[in-house]
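User: Please give a close account of one part of this structure, and set it in its wider surroundings. Where a term has a cut-off, kindly state it.

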Amino acid sequence: MSTTIIKNARIVNEGKIIEGDVLIRGERIEKIANNISDANATILDAGGRFLLPGVIDDQVHFREPGLTHKATIASESRAAVAGGVTSFMDMPNTVPNTLTHELLEEKYAIAANTSLANYSFFMGITQGNLEEALRTDTETVCGITDDGLYFNKEDGILANYPEFLEKLFARSETLIALHCEDDSIIRANTEKYRAIYGDDIPFQYHAIIRSREACLEATKRVVGIARKHNNRVHIYHVSTLDEAMLFDNTLSVREKRITAEACVHHLWFDDRDYERLGAKIKWNPSVKTEQDKCGLLKALLDNHLDIIATDHAPHSIEEKSGNYFKAHSGGPLVQHALPVMLELYHQGLISLEKIAEKMSHHVAEIYRMKDRGYIREGYYADLVLVDLHQSWKVSAENILYKCGWSPLEGQAFQSKIVKTFVNGHLVYDDGVFNLSKTGKRLMFEKER
Ligand SMILES: [Zn+2]
């Protein structure tokens with residue numbers, strides 16, 4: 001069994017930063033203390049750099065199977081670990097859509113062979129597979145979701161079907177994660193601007209077409225139904241301050257039945273960036289105003305919002321090209337999420353402890369993950385060592401996404417991910433990958 005001691009680290013964990021050593025034996029953290037010694041251990045001197053729990057991203061689209069021209073589990077998990085993301089949960093809008101347990105298990109089989117990070121895959125839910133979705137095993141699958149499936153025209157976003165949600169919430173025993181936008185408001189806005197601009201609607205109108213009202217209406221509707229049934233519901237990618245204020249901030253994350261997240265792009269970009277970046281920052285839900293951007297961060301800090309995710313959704317450059325209607329929504333982020341948040345730390349907007357809480361601890365709590373999300377003795381050694389003073393620039397040469405582009409190209413960051421451990425295995429070491437081990441399937445407590 002391999003043994004490693006990380007010496008002289010500043011360990012960011014559970015609201016504190018302590019100086020010390022971490023002893024990793026095999027897959028787990030055995031001891032956290034000062035001056036640990038072990039004659040057989042590999043010593044890694046952190047030199048006072050910061051050690052954080054690995055990021056857990058609960059919303060990625062790794063596109064496999066079926067859309068592997070955009071991304072694969074192998075390519076994107078590689079980008080993930082280079083960005084300090086040690087676990088991910090993947091969406092069901094692969095091809096075919098993940099709407100049966102057989103298809104779900106096929107994704108687990110691919111990941112078992114090719115994923116460098118730990119993984120879980122959401123079961124998809126549409127109006128056509130309720131019984132199948134309700135059979136989802138809560139201990140081995142992270143939850144059920146409609147995210148991304150709205151491209152199936154016959155279903156649409158489930159938030160638009162309150163009667164179906166009533167049926168689903170009344171019977172589901174596992175966590176349900178939802179994408180909330182109101183289709184009818186979006187449709188009306190689209191027609192309005194199409195009448196003015198034809199197919200060449202300027203991209204800044206994306207924020208007005210997929211509007212704050214569309215988000216607020218849908219989120220309100222879903223939260224209302226979830227409260228009635230006391231379900232475990234998680235709302236993805238909240239993009240407006242108004243929605244954030246719908247969520248409770250008095251209960252602990254563990255006690256909450258309804259939880260919500262902000263995404264990195266909604267914390268970094270705002271509608272002033274459309275002019276410069278156009279389709280590259282076309283996301284659903286849309287990037288909105290500066291006021292929303294600042295409000296979302298504030299809502300994270302005061303616990304109206306619980307976690308930070310990426311909604312990593314790569315498309316090829318060709319798919320991101322063309323007019324408003326042709327350019328796909330979504331963009332890659334998993335390699336750059338932690339550097340972005342560390343940049344906000346440098347700007348004095350968030351603490352390192354809060355970053356660990358929102359990107360690791362609370363994600364583990366929401367999903368009731370077993371033995372992950374913290375730097376604790378006995379837990380899996382999913383760790384990321386960051387250098388806060390090693391600046392670099394995002395460029396075509398260092399982008400690891402299969403799609404080969406990033407909306408952050410040209411952006412300079414002050415902090416660099418130096419090393420990433422997944423289950424005690426040093427998978428990423430200063431630009432070099434060790435491909436000898438794959439990640440593990442995430443496991444969860446039964447009741448959630
Ligand atoms: Zn979504």
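**The cysteines, the metal site and the neighbouring elements**

Cys180 is buried, with a relative accessible area of 3%; buried means under 20%, exposed over 50%, and partly exposed in between, with a 1.4 Å probe and protein chains only. The model is predicted, so local features need pLDDT of at least 70 and side-chain atom pairs count only at pLDDT 80 or more, while totals for chains, interfaces and linings use all residues. Residues are numbered from 1 along each chain as its sequence is written, and side-chain values use heavy atoms, with hydrogens and water left out.

The structure holds 0 disulfides, a disulfide being a pair of cysteine sulfur atoms within 2.5 Å. Cys180 is in no disulfide, for the nearest cysteine sulfur, that of Cys215, is 8.7 Å away. Cys142 is likewise buried, at a relative accessible area of 0%, and its sulfur is 15 Å from the closest cysteine sulfur, in Cys263, which is too far for a bond.

The zinc ion is coordinated by Asp147 through OD, His179 through ND1 and His237 through NE2, at 1.9 to 2.2 Å. Donors are N, O and S atoms within 2.8 Å of the metal (3.2 Å for Na, K and Ca); water is not among the atoms, so sites may look incomplete. Along the chain, the donors follow the spacing D-x31-H-x57-H. Asp147 lies in the loop between strand 10 and helix 4, and His237 in the loop between strand 12 and helix 8 (241-244), so this pair ties together parts that are 90 residues apart in sequence. Helices (H or I, at least four residues) and strands (E, at least two) are DSSP runs numbered from the N terminus. Asp147 counts as buried at 3% relative accessibility, and His237 does so at 2%.

His237 is also among the contacts of His266, which, leaving aside neighbours within four places in sequence, include Val238, Ser239, Pro285 and Leu296; contact means heavy atoms within 4.5 Å. His266 lies in helix 9 (residues 264-268) and counts as buried at 4% relative accessibility. From C-alpha to C-alpha, His266 and Thr240 are 8.8 Å apart in space, though 26 residues apart in sequence.

Helix 4 (residues 162-171) has Phe164, Leu165, Leu168 and Phe169 as its buried residues. Viewed down the helix axis, these fall within an arc of 125 degrees, so they line one face of helix 4; the arc is that of the directions from the helix axis to the C-beta atoms. An α-helix has 3.6 residues a turn, so residues three or four places apart point the same way. The face of helix 4 turned away from the buried side carries the exposed residues Glu163, Lys167 and Ala170. The cover over the buried residues of helix 4 includes helix 3 (130-134), strand 10 (144-145), strand 11 (176-178), helix 7 (212-229) and strand 12 (233-235). Strands 10 and 12 in this cover are thus also the elements from which the loops of Asp147 and His237 are described.
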